[in-house]
Amino acid sequence: MSLSKRSLAELIGTFWLVLGGCGSAVLAAGIPELGLGYLGVSFAFGLTVVTMAYAIGHISGCHLNPAVSIGLVAGGRFNAKELPHYIIAQVLGAILAALLIRTIASGMEGYAGGLASNGFAEHSPHGYSMMAGLIIEIVMTAMFLFIIMGATDKRAPAGLAPLAIGFTLVLIHLISIPVTNTSVNPARSSGPALIEGGIALQQLWLFWIAPIIGAVIGAMAYKAISQPD
């Protein structure tokens, strides 16, 4: 499969992830008595990964996340020369999804412009500090990559990787939405931040640095323990 087709698959897949995850947070989470809440948003993000993994996993590997792509390079599972194409495609998909969410959400009276952006301190859902945000994003992304590496190992049960990875993302969101609104994905953070601007854009740096550090740690940890003695 050509790199251009694989990159297009990543764009579409990341578009779906942000539309499904951030879209559920913006459009459906806060409806009084009927809203999805944190549990529903967590499952929405996980389901986007499960569905796209089955749809495009055989085409592009279904990374949908610059940190995942970088982690897979660190773990020896992806060609570093292809990183720029994947990362650009992922960020573009996220931006397109954020634009669509804003277009739809602005059709409701009283919409204030939020796009489920990530943040810390005054932009954290529950006021968690920058250090708390940094730590949780590193740890959650490290565990995400560790599980991705294990679930996609040739020795793992065939066909079940999408479920393991999707449910991991659900769990990650259940833990960390209150802290940072959960990133573990620089593209997911970039789409809403670039459209919202303001504090979301000012704090975007953390949601590139922390997931990338975590991804490399997780991938290298799995690589180290999975080698035969």
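Me: Helices here are DSSP runs of H or I, at least four residues long, numbered from the N terminus. The model is predicted. With that in hand, in which loop is the place of A116?
Reply: Happy to start there. A116 has a phi near 60°, a positive value in a residue other than glycine. As for its place, A116 sits in the loop between α4 (83-105) and α5.

Me: Does A116 count as buried or exposed?
Reply: The cut-off for buried is under 20% relative accessible area. A116 has 14% relative accessibility, so it counts as buried.

Me: Which residues are the closest to the centre of the second largest pocket?
Reply: This pocket has a volume of about 280 Å³. It is lined by 15 residues, and those closest to its centre are A25, Y38, A116, P125 and N181.

Me: Which helix gives the largest share of the lining of the second largest pocket?
Reply: By class, that lining has nine nonpolar, five polar and one charged residues. Both α1 and α2 supply at least two residues of it. The largest share is four residues, and they come from α2.

Me: Now the largest pocket: what volume does it have?
Reply: In general, rolling a probe the size of a water molecule over the atoms shows where empty space is left. For the largest pocket, the volume comes to about 560 Å³.

Me: Which residues are the closest to the centre of the largest pocket?
Reply: There are 30 residues in the lining of the largest pocket. By class they are 17 nonpolar, 10 polar and three charged. Elements that give two or more residues to this lining are α1 (3-27), α2 (37-60), α3 (66-74), α5 (130-151) and α6. Closest to the centre are G61, C62, H63, T152 and I165.

Me: How far does helix α6 reach from its first C-alpha to its last?
Reply: Helix α6 spans residues 161-180, which is 20 residues. At 1.5 Å a residue, 28 Å would be expected. The reach in the model is close to that, at 26 Å.

Me: At which residue in α6 does the kink lie?
Reply: The kink in α6 is about 40°. It comes shortly before the proline P178. The residue you want is L174.

Me: How many of the residues of α6 are buried?
Reply: Buried again stands for under 20% relative accessible area. Helix α6 is mostly covered, and out of its 20 residues the number buried is 14.

Me: How far apart in space are M140 and T182?
Reply: M140 is in helix α5, and at 11% relative accessibility M140 counts as buried. In sequence, M140 and T182 are 42 residues apart. In space, C-alpha to C-alpha, they are apart by 9.1 Å.

Me: Turning to aromatic pairs, what kind of pair do F43 and F167 make?
Reply: The whole structure holds four aromatic pairs. In this one the ring centres are 6.5 Å apart and the planes stand at 85°. Planes over 60 degrees apart count as edge-to-face, so F43 and F167 are edge-to-face.

Me: How many residues apart in sequence are the parts that the F43 and F167 pair ties together?
Reply: F43 is partly exposed, with a relative accessible area of 34%. F43 belongs to helix α2 and F167 to helix α6, so the pair ties together parts whose separation in sequence is 124 residues.

Me: What kind of pair do the rings of F78 and Y86 form?
Reply: Both F78 and Y86 are buried. Their ring centres are 4.7 Å apart with the planes at 50°. Stacked needs under 30 degrees and edge-to-face needs over 60, so this pair is tilted.

Me: One last one: how far apart in space are P192 and V91?
Reply: P192 lies in helix α7 and is buried, with a relative accessible area of 1%. P192 and V91 are 101 residues apart in sequence. Their C-alpha to C-alpha distance in space is 10 Å.

Definitions and conventions: Residues are numbered from 1 along each chain as its sequence is written. This is a predicted model: local features need pLDDT of at least 70, side-chain atom pairs count only at pLDDT 80 or more; totals for chains, interfaces and linings use all residues. Side-chain values use heavy atoms; hydrogens and water are left out. The expected span of a helix is 1.5 Å times one less than its number of residues. The bend at a residue is the angle between axes fitted to the seven residues ending there and the seven starting there. Buried means under 20% relative accessible area, exposed over 50%, partly exposed in between (1.4 Å probe, protein chains only). On a 1 Å grid over the protein atoms alone, a cavity is a set of points where a 1.4 Å probe fits but cannot get out, and a pocket is an open set with protein on both sides within 12 Å along at least five of seven lines; lining residues have an atom within 4 Å of a point. Grid points are joined across faces, edges and corners, and a volume is the space filled by probe spheres set on the points. Ala, Val, Leu, Ile, Met, Phe, Trp, Tyr, Cys and Pro count as nonpolar, Asp, Glu, Lys and Arg as charged, and the others, Gly among them, as polar. Rings of Phe, Tyr and Trp (its six-membered ring) pair if their centres lie within 6.5 Å; planes under 30 degrees apart count as stacked, over 60 as edge-to-face and the rest as tilted.
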